[in-house]
Amino acid sequence: MLNLERLRTLDALARHGSVSGAAEGLHITTSAVSQQMAKLEREVGQRLLAKHGRGVRLTDAGRLLAEHAARILSQVELAQAHLEAQRGQVAGELRISAFPTAARGLFPAALADLRERHPALRVRSREMEPENGIRGVVRGDLDLAVVLDWYNKPMPLPDGLVKALLLDDPADVALPAFHPLAGRDEIDLAELAEDEWITWGEGEFCHEWLMFTLRSKGVEPIVAHRAAESHTQLNLVAAGLGVCVAPLLGRDPLPGGVVTVPLRQRVRRHVFVVWRADADRRPSIRAAVRALRAAGERVGGAPTGDAPESGPGVRREGVRTAAPAS
């Protein structure tokens, strides 16, 4: 009889590609990972790992068993979700991530609401960039991830995920108070062609969106500074070091010396939450989605008609979008 926890360890090794990565994902020590794998090898009577440089790799038998382990664990999660749904109780542990401004703008209200309404539910949250959050949900390291895309650049999502739109987040441009355009009612992106930009890290989804959007308007961006956190960007603007895009979510309070002006293009990003389809019936998932949506409504960024399609049963590129059940 194959031990489920050892299969879970093998699955983590296959997904993370290293003993240290598996240990981090499972919240155990590297020694525990090695011990579990040694026991699993004795159970199956075959080598599952082979040395590879300073690390290890899966043998052919290891890869074969890892494929079965992934399917077995998915069925176990589905069974647990169905049992939880039958009990109708919001309990247990829920692991959730959000990109930094959503963690600041949504988590305090949403997680406090969950604690008050569902004291038997233990929520574990962390800040994580959207791409990493999606990978965490796919791997099973997270139950939910709050992610985003932009009105003109969708975020690609893998198959097997369910999503629910939380809010539309309008974005302005943030300027130093002494900027010549700071007193305008609105600004066209082309008017900022000579300005230096403060943007996100190289390769991050939001940075790639900004480069794409500026270039589509005929502006070759001058990138002066990079910062992952929006308040760092805004403080650089306050120091007169450039301009940046400033979404509403998590923006307040603005530092002194910064003025925000709407863009003529009505720039906005869509903030949504994703989870695995095989966990769709878990009451804790549905309770968390409701709490996050309520927090989004307080921010004031209600979804608009041109947001990514939402509603029960709609599918796009293998991704099902859904509203939380009552």
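For the classes used in this talk, Ala, Val, Leu, Ile, Met, Phe, Trp, Tyr, Cys and Pro count as nonpolar, Asp, Glu, Lys and Arg as charged, and the others, Gly among them, as polar. Please keep in mind throughout that the structure before you is a predicted model.

I begin with the open spaces. The largest pocket holds about 860 Å³ of space. Its lining is made up of 32 residues, and the closest to the centre are Arg 8, Glu 77, Gln 80, Arg 95 and Gly 140. Which elements give two or more residues to this lining? They are helix 1 (4-16), helix 2 (19-26), helix 4 (60-87), strand 3 (92-98) and helix 7 (130-139). Helix 4 provides the largest share, eight residues. Sorted by class, the lining of the largest pocket has 13 charged, eleven nonpolar and eight polar residues.

The second largest pocket has a volume of about 280 Å³. It is lined by 16 residues, of which Glu 24, His 27, Arg 126, Asp 141 and Leu 142 are the closest to its centre. Helix 2, strand 3, strand 4 (121-127) and helix 7 each give two or more residues to the lining of this second pocket. By class, that lining divides into seven charged, six polar and three nonpolar residues.

Rolling a probe the size of a water molecule over the atoms shows where empty space is left. How many cavities of 30 Å³ or more does the structure hold? There are three. The largest cavity has a volume of about 130 Å³. Its lining comprises 14 residues, and Phe 99, Thr 101, Trp 200, Ala 228 and Arg 269 are the closest to the cavity's centre. Eight residues of this lining are nonpolar, four are charged and two are polar.

Next, the strands. Strand 6 (residues 161-176) pairs with strand 9 in the antiparallel sense, over four bridges. Within that pairing, Ala 174 has Cys 244 of strand 9 as its bridge partner. Is strand 9 (residues 244-247) covered on one face or on both? Both faces are covered, with Cys 244 and Ala 246 buried on one side and Val 245 and Pro 247 buried on the other. Cys 244 has a relative accessible area of 1% and therefore counts as buried, the limit being under 20%.

Strand 6 also contains Ala 164. Ala 164 counts as buried because its relative accessibility is 0%. Between Ala 164 and Leu 292 there are 128 residues of separation in sequence, and their C-alpha atoms are 10.0 Å apart in space.

A word on the cysteines. A disulfide is a covalent bond between the sulfur atoms of two cysteines. A search of the whole structure finds zero disulfides. Cys 206, like Cys 244, is buried, with 9% relative accessibility for Cys 206 and 1% for Cys 244.

I close with the backbone in two loops. The peptide bond that runs from Asp 252 to Pro 253 is cis, and its omega is near -5°. Pro 253 sits in the loop between strand 9 and strand 10 (258-262). Arg 266 is a residue other than glycine with a positive phi, near 55°. Is Arg 266 buried, partly exposed or exposed? With a relative accessible area of 48%, Arg 266 is partly exposed, because exposed requires over 50%.

Technical notes: Residues numbered from 1 in each chain as written. Predicted model: local features only at pLDDT ≥ 70, side-chain atom pairs only at ≥ 80, totals over all residues. Heavy atoms only, no water. Disulfide = S-S within 2.5 Å. Buried < 20%, exposed > 50% of the residue type's maximum accessible area, 1.4 Å probe, protein only. 1 Å grid on protein atoms, 1.4 Å probe; cavity = no way out; pocket = protein on both sides within 12 Å on 5 of 7 lines; lining within 4 Å. Points joined across faces, edges and corners; volume = space filled by probe spheres on them. Pairing = 2+ DSSP bridges.
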